[in-house]
Structure formats: structure tokens, C-alpha cells
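Please keep the structure open while reading.

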Amino acid sequence: MGRVMKDSLVTVFGGGGFLGRQVAQALMARGARVRVVQRDLATALRVKPLGGLGQTQFVAADIRKPESVARAIAGSDIVVNLVGILSGDFEGSHHDGAAHVAKAAADAGVKALVHISAIGADAQSPSAYGRSKAAGEAAVKAAFPNATIIRPSIIFGPEDQFLNRFAEIIRLAPVVPVIGASTRFQPVYVADVAQAIANAAEKPGVHGGKTYELGGPQTYSMLELNAWIAKAIGRERSLCAVPASLASLLAMLPGGPITRDQLAMLGKDNVVAEDANGLADLGVAATPMPAVAEKWLVRYRKHGRFAGRVQA
């Protein structure tokens, strides 16, 4: 499998982030050269030790500026766009930026384009995030019809801002308020998503022009997820579902625990559609969250890794 990718130049927009570092590693393991594109290269340099000598390149570019995108893609064989934000200029990053990448990739004649969207991408979404993701998908398909679109559910891993964020809240608070308590998620392991992206990039003849939704083997409501984390870190906590009316008030507060757009996103389950192509179709077996997450959640236990499961 590595022979197909060997010495190919894969340009990864957002390659220095949480998911990007895993994607870069998966590509380099197959012999690819990886060009990491990031607005701020300070964090991206963490990718360098993950590959061999001369296997990584670093380019500063802003996905919202088509000229810098075209320069970053020049000479590439394959392009992967991982750029995504949870607040800020959704249109610029998810829609315009995606369009710039797809057009530049088409103009450069690259062999494959893999675009990372999200479950919840919907032109009719109540959230600007969901609408911008849908607009980005449409722009990518228009400019590069053979692109592979990948929509993950919530991605978890050692450096995530999902499990770790909730674990820290649970560690500190005797009573844990849970917003969107009944909303369901299908958390997917970051290493699985990275392998799926690498597989799609490697075989555009098989995966090009298709859309995949990636989720793990288990589905949790937000309340169940917090309960699982509390048990995993040995903290006995009272979990309190926040009423929708109070959640709406909290979302109006400057610097509050949730934005209005994030609250709107929580109005719909974040799970793989029954008829969707998934991880298995990309040749990846889904990793159960309990099989791996406790390895890094241990630091939130009362006595850290020296304690086993203790009651707080």
C-alpha cells in the first residue's frame, strides 16, 4: 500500500492541528512527503519529528486568500483540507476557503482531493457552522467533482478539546451542568479518522466523488457521555441537565460556556446516517472509546496514574 504513496507530495491544510498531526503521520508512514500548510507555523513544527529526513515541508498560508492557497498547492500530487473552526468567520474558513482549495487543486491537476466537512453539514441547518460546512461541500464538488468528502462526528483523542474539556469540568465541579443532555453523539477516534483520510487520498479511483460519515461503534447522549467520563476518572458527581430556556440565556452571555451557534448545533443529533458510507467502507475498523480514552483521562483522577479507580 505504501508504494502507491511513496514520494508523492501531499499538501495538508491545517496539518499542524490535533487531527492534522495524525493525518501527517499516517501519510508519512506510507512514504509520502507531506507539506503542512498553516496560518501560524509555530504549532505546525511539531509535525517535523514525526517523519524522516526531508519528508516534511512547511508553508504559511491563509485559506481565505486564494493566491496564498495556490502557492501552497503548487507541485502537489494530493491535497487534503482539514481546516475547520468552531467560532469566528465560518463563511471565510468553511465556504470560501474550501472553494479556494478545490479550485487551486483542480487548476494544479492534482490526483486527489480529500475535504473534511462534518456531520451536521446542511444548507438548512439552524447553525451558521452547519450551513457554512454545507456551502463548502457544494463549492468543493463544483470545482473538483472527484473530491472525497469526509464528515466525522465528534473526534476524540489524547489532545482533544472534547473529552479533556469535560473531564476537567468534572474534576473541578461537584455538580456538573450538562447542556444538550439528550443530544446524541457518535465519538470517533482521531487515529481512525486519520487512517480513513489517508486511505481516501491513496485511492481516488475507489473513493473519489463519494461522501463518507465517520462515527465510532458506540452512541452516547451528552448526559451519558459525561457519566462515562466521571466513572472513567473515578469522580462521583451529580449531573444536572440544563433546561433549554436556561441554556438559551447562557448562550447570550459574553464569554459564556456556549455560544448561540453551538447551542443551535446541539439541537440535532450528531450521528452517522443509517444509509451513509462509513469507516468500514474506507477500510478502517472503528476503535471503541473505552478501549483507548482511559489511557490519557487517567490524569484527571484524584491521585493521577498512581491511583486506580478511586471515589472522590
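## Basis and terms

Helices (H or I, at least four residues) and strands (E, at least two) are DSSP runs, numbered from the N terminus. This is a predicted model: local features need pLDDT of at least 70, side-chain atom pairs count only at pLDDT 80 or more, and totals for chains, interfaces and linings use all residues. Residues are numbered from 1 along each chain as its sequence is written, and side-chain values use heavy atoms, with hydrogens and water left out.

## Alanine 44

Alanine 44 sits in helix α3 (residues 41-44). Is alanine 44 buried or exposed? Its relative accessible area is 0%, so alanine 44 is buried. Buried means under 20% relative accessible area, exposed over 50%, partly exposed in between (1.4 Å probe, protein chains only).

Contact means heavy atoms within 4.5 Å. Beyond neighbours within four places in sequence, alanine 44 is in contact with Gly16, Val36, Gln38 and Phe58. Valine 59 is 15 residues from alanine 44 in sequence; C-alpha to C-alpha, the two are 9.5 Å apart in space.

## Aromatic pairs

Rings of Phe, Tyr and Trp (its six-membered ring) pair if their centres lie within 6.5 Å; planes under 30 degrees apart count as stacked, over 60 as edge-to-face and the rest as tilted. The count comes to 6 aromatic pairs. One is edge-to-face: phenylalanine 90 with tyrosine 129, at 5.8 Å centre to centre and 85° between the planes. Phenylalanine 90 lies in helix α5 (residues 90-108) and tyrosine 129 in helix α6 (residues 128-143), so this pair ties together parts 39 residues apart in sequence. Phenylalanine 90 is buried at 10% relative accessible area. Tyrosine 129 is buried too, at 13%.

Tyrosine 189 and tryptophan 296 have ring centres 6.5 Å apart and planes at 10°, so they are stacked. Here, too, distant parts of the chain are linked: tyrosine 189 is in strand β10 (residues 188-189) and tryptophan 296 in helix α14 (residues 294-297), 107 residues apart. Tyrosine 189 is buried, with a relative accessible area of 17%. Tryptophan 296 is buried, at 8%. Phe156, Tyr189 and Trp296 form one aromatic cluster.

## Nonpolar cores

In soluble globular proteins, nonpolar side chains tend to be buried together. A nonpolar core is a set of buried Ala, Val, Leu, Ile, Met, Phe, Trp, Tyr and Cys residues joined through side-chain atoms within 4.5 Å. Which members of the largest nonpolar core touch the most other members? They are Leu27, Leu163, Ile197, Leu214 and Leu297, in a core of 68 residues. Helix α8 (residues 190-202) gives the most to this core: 8 residues.

Leucine 163 touches Phe156, Leu225, Ile229, Met289, Ala293, Trp296 and Leu297, leaving out residues up to four places away in sequence. Another core lies apart from the largest one. This other core has 20 residues, among them Val69, Ile73, Leu113 and Phe144.

## Valine 110

Valine 110 is in the loop between α5 and β5 (112-116). Valine 110 is buried, with a relative accessible area of 8%. Not counting residues up to four places away in sequence, valine 110 touches Ile73, Ser76, Asp77, Ile78, Val79, Ala105 and Phe144. Glycine 75 is 35 residues from valine 110 in sequence, and the two are 8.4 Å apart in space, C-alpha to C-alpha.
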